[in-house]
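The model is a predicted one.

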Amino acid sequence: MRAAMLAELPRHAIDALRANPLRSLLTILSVVAGVAAVIAMTTLGHGVSRKVETEINKLGVGVLTLRVGQRARGGKGASIEAQAFDYADVEAIRSSVRHVQSVVPLVSRKARVVSGRHNLMTTLLGTESDYFAARAWSVAEGRAFTAHEMHVGAAACIIGETIRTQFFQGGEALGALLRLGTVPCTVIGVLAPRGQSGEEDSDNIVAIPFDAYQRRVQGSPDIGTIVVTAVGGKVTPAQKDALEALMRERRRLDPFEPSDFTLLDMRQIAEASAATARMMTSLLGTIAVLMLLVGGLGITNVMLVSVAERRREIAIRMAIGALPGHILGQFLIEAVALSTIGSVFGTLVGVGSAVFLAPLLQVPFVLDADVVWVSFAMALAIGVTFGFAPARRAARLDPISGLRAA
Amino acid sequence: MTTASPIVALRMASKTYGRGNARVEALKSATVSIQPGEFAAIVGASGSGKSTMLNLLGCLDVPCSGSCLLAGVETASLAVDQRSRLRRDTIGFVFQGYQLLERMDAWRNVELPLIYRGVPPPERGRRVERALDAVGLIDRARHRPGAMSGGQQQRIAIARAIVSEPPLLIADEPTGAVDAATGDDIIDVFHTLNRTQNTTVVLVTHDERIAHRCGRMIRLVDGRIVSDTPTDARRDAG
Ligand SMILES: Nc1ncnc2c1ncn2[C@@H]1O[C@H](COP(=O)(O)OP(=O)(O)OP(=O)(O)O)[C@@H](O)[C@H]1O
Ligand SMILES: [Mg+2]
C-alpha cells in the first residue's frame with residue numbers, strides 16, 4: 001500500500017523542482033561546491049598520506065643519524081664549534097652499542113662530474129654499501145661496493161638516475177668512466193630513481209667508497225655524519241641513550257656541558273612530518289565541511305521559501321487526503337533530489353579539481369573507490385538533515401490558512 | 001427523519017477568528033446533525049459563516065468551543081495525524097474556487113486522492129476514469145487546469161472529490177462560477193451519487209433555486225443558524 005505512494009513521490013518532487021528551475025539550479029550549485037570541496041580534499045588527503053608514506057620509506061625508519069655540531073638554542077649564532085667524528089667513532093659504535101645492524105660513515109660535498117664534453121654539478125657522497133640499505137635505496141643496475149673495494153678505496157662509483165640520463169641517455173652506463181672533480185671513477189652501479197625531495201633532486205648523486213673519498217677528495221679523516229640502523233628496524237630509547245653516552249664519553253664532555261653533536265631519529269622526523277600532513281589535511285577537511293554546511297543551509301533556505309510559496313498546494317494536498325507523513329516525505333524527497341543532483345556533479349568537479357591540484361601540491365593523485373559511497377552518503381545526509389526543518393514546517397501547516405493563501 | 005447516528009454533527013459549536021478589535025465570531029453556537037444519506041444545502045449571505053461551518057463539518061478545522069462529531073468521533077480530541085486520517089477516510093472536498101494543482105493535468109489532479117489512500121495503479125486508473133466520466137470531462141483528462149474554463153475546472157474539482165467514493169461529500173459553492181445549466185448538471189451528479197451510493201452531501205450555495213433542489217436547507221445569518229427546514233425536493237422524494 002505504501003509502495004504505491006513511495007513510487008509516486010519522486011515524480012512530484014521533480015515536478016516541483018522543474019517549476020522553479022533557476023532556484024533549483026542555484027541550490028544545486030551550492031551543494032556542488034560543498035561536495036566538490038569535500039571530495040577534492042579527501043582525494044588530496046589520500047595523496048598526502050601516500051606521499052608521506054613514500055617519504056618515510058625513503059628516509060628509512062629505524063635509522064639514527066649522528067651529526068657533528070648542535071644547533072644553537074634560540075637561533076642566536078651559528079652551530080657551536082665542534083670537533084668532527086672519525087672512523088674510530090664508527091668502530092666504537094659497532095663494538096659497544098647493542099643490536100645495531102649497520103654503522104656507516106657519510107661524507108659529502110658538491111662536486112663537478114665530467115664525461116667527455118658533458119659536465120654537471122652533483123652531490124658527491126663517500127660512504128659504504130650499507131648506506132643504501134639504511135635508506136631503503138636499491139641498486140637497480142649493477143651492484144654496490146664490495147668489501148674489497150671499500151677496504152682499498154677503489155675508484156668505483158654508483159650513480160643516481162639523473163646522472164645516468166644526463167650522461168648516458170639510453171646507452172650503457174656500467175663500466176663507463178666518469179671524472180669527479182679530479183678523480184676518475186668507473187661506474188659499477190645505478191641507483192633506483194627516487195624523484196624530487198622538496199626542492200632537491202634526490203637522483204642527482206654520485207657515491208664512491210668512503211676510503212676513496214677520504215684520501216682523494218677530502219684529504220683528512222674527518223667524518224660529518226654517521227648513520228646507524230637498528231636490528232629489527234626499530235631504534236629503542238636505550239640504544240639512543242647508549243649512543244649519546246658513548247659519544248659524550250669519547251668526546252670527553254663534562255656532565256653539565258651540552259652535547260656538541262646531534263642525534264636525529266629518522267622515525268621521529270618522519271612522524272612529525274606525517275603529523276603535519278595530517279593536520280593540513282584535517283584543516284582543509286574542516287574548510288570543506290564548512291562549505292558543505294553552507295551548501296546544506298542553501299537547501300534549507302530554498303526549501304523554506306518553497307514551503308512558504310506553496311502553502312496553498314500543501315493545504316490542498318492535506319484537504320484531499322495527504323497525511324502529515326506524506327507531506328513530510330514529499331519535501332524531504334525534494335531536498336534529497338536537490339542534494340543528490342548536487343552531489344553527483346560535486347563529485348565529478350571534486351575529482352576533477354583533485355586531478356588538477358595534485359601536481360601543483362606535489363602529491364600523487366590517489367582515487368579511492370569509496371568516494372562514490374562517501375558522496376552518496378553525503379547527498380542523503382545533507383538532503384535529510386537540511387531538508388528536515390522545512391519539510392516538518394510543511395507537514396505542520398494548518399490547511400485552512402493555507403487554502404486562504406491565494 | 002431517521003434516528004440513526006449522524007455522520008456528522010455540531011453541538012453548540014462556535015468559531016472565532018482574530019483578537020481584540022479584529023475579533024470575528026464567524027459561527028455562533030451552531031447545532032446541527034446530518035444523517036447518512038442526507039442531501040443538505042447551507043445558504044446565507046456572504047460572510048455569514050457558511051465556509052466556516054463547512055470547514056468544521058469537513059474536519060479541516062475544529063471549533064473553539066462546543067463539539068463536532070464526525071463518524072462518531074470528537075474531532076477536537078484527535079491528534080493532527082489522526083484527524084488527517086479521519087478526514088481522508090470519510091470526506092471528499094470541493095472547495096470554493098476549485099483549488100486544483102496547476103502543475104498537473106486533470107487526470108493527475110483527480111488521481112491524487114487515490115495515491116494518498118494507497119490505491120494501486122490499475123485500480124486507480126479505473127476509478128479516475130469513472131470519476132471523470134461522471135462529470136463528463138473524460139476527453140479533457142490531459143489538459144491542465146489553466147487550459148480549461150471555470151465550469152470545467154469546477155467539474156474536475158468535483159471529480160477529485162468523488163473519486164475516493166467518500167461517505168460524506170462537502171462542497172463549498174460548487175455552482176458559484178458556472179451558468180445555470182452547468183449548475184444543474186453538477187447538482188445532477190451529486191443527486192446521482194446520493195441516490196446510487198447513499199453518499200451524504202452537504203453543499204453551500206447562494207442560489208435559492210439550487211437550494212430548493214436539495215432535501216434540506218440550513219440558513220445562516222451572521223454566524224447563527226436561523227432556520228433548518230426540509231424542502232419541497234425532500235417532500236417530493238418522501
Ligand atoms: N481565517 C480567518 N481569519 C479571520 N477571519 C476569518 C477567517 N475566516 C473567516 N473569517 C471571517 O469569518 C466570517 C465568516 O467567513 P466565511 O468564510 O465563513 O463566510 P462565508 O459565509 O463563506 O462567505 P462567502 O459567501 O463570501 O464565502 C467573515 O467575516 C470572515 O471575514
Ligand atoms: Mg465561503
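## Cavities and aromatic pairs

The second largest cavity has a volume of about 40 Å³. Strand β6 (91–94) and helix α5 (150–162), both of chain B, are the elements that give two or more residues to its lining. The biggest contribution to the lining of the second largest cavity is that of β6(B), with three residues. Sorted by class, the lining of the second largest cavity consists of six nonpolar, two polar and two charged residues.

In the structure there are three cavities of 30 Å³ or more. The largest cavity has a volume of about 50 Å³. Its lining is made up of A:L64, A:V97, A:V100, A:V228, A:T229, A:A230, A:V235, A:Q239 and A:L243. Two elements of chain A, β11 (225–230) and α8 (237–250), each supply at least two residues of that lining. Strand β11(A) accounts for the largest share, three residues. The lining of the largest cavity holds seven nonpolar and two polar residues, and no charged ones.

| Cavity | Volume | Nonpolar | Polar | Charged |
|---|---|---|---|---|
| Largest cavity | about 50 Å³ | seven residues | two residues | no residues |

Next come the aromatic rings. How many aromatic pairs are there over all chains? The count comes to four. One of them joins A:Y131 and A:F132: the ring centres lie 5.7 Å apart and the planes stand at 70°, so this pair is edge-to-face. Both A:Y131 and A:F132 are buried.

A further pair is formed by B:F93 and B:F95, with ring centres 5.2 Å apart and planes at 5°, so the arrangement is stacked. Are these two residues buried or exposed? B:F93 has a relative accessible area of 5% and is therefore buried, the limit for that class being under 20%. B:F95 also counts as buried, because its relative accessibility is 5%.

Terms used:
Residues are numbered from 1 along each chain as its sequence is written. Chains are lettered from A and ligands numbered from 1 in the order in which they are written. This is a predicted model: local features need pLDDT of at least 70, side-chain atom pairs count only at pLDDT 80 or more; totals for chains, interfaces and linings use all residues. Side-chain values use heavy atoms; hydrogens and water are left out. On a 1 Å grid over the protein atoms alone, a cavity is a set of points where a 1.4 Å probe fits but cannot get out, and a pocket is an open set with protein on both sides within 12 Å along at least five of seven lines; lining residues have an atom within 4 Å of a point. Grid points are joined across faces, edges and corners, and a volume is the space filled by probe spheres set on the points. Helices (H or I, at least four residues) and strands (E, at least two) are DSSP runs, numbered from the N terminus. Ala, Val, Leu, Ile, Met, Phe, Trp, Tyr, Cys and Pro count as nonpolar, Asp, Glu, Lys and Arg as charged, and the others, Gly among them, as polar. Rings of Phe, Tyr and Trp (its six-membered ring) pair if their centres lie within 6.5 Å; planes under 30 degrees apart count as stacked, over 60 as edge-to-face and the rest as tilted. Buried means under 20% relative accessible area, exposed over 50%, partly exposed in between (1.4 Å probe, protein chains only).
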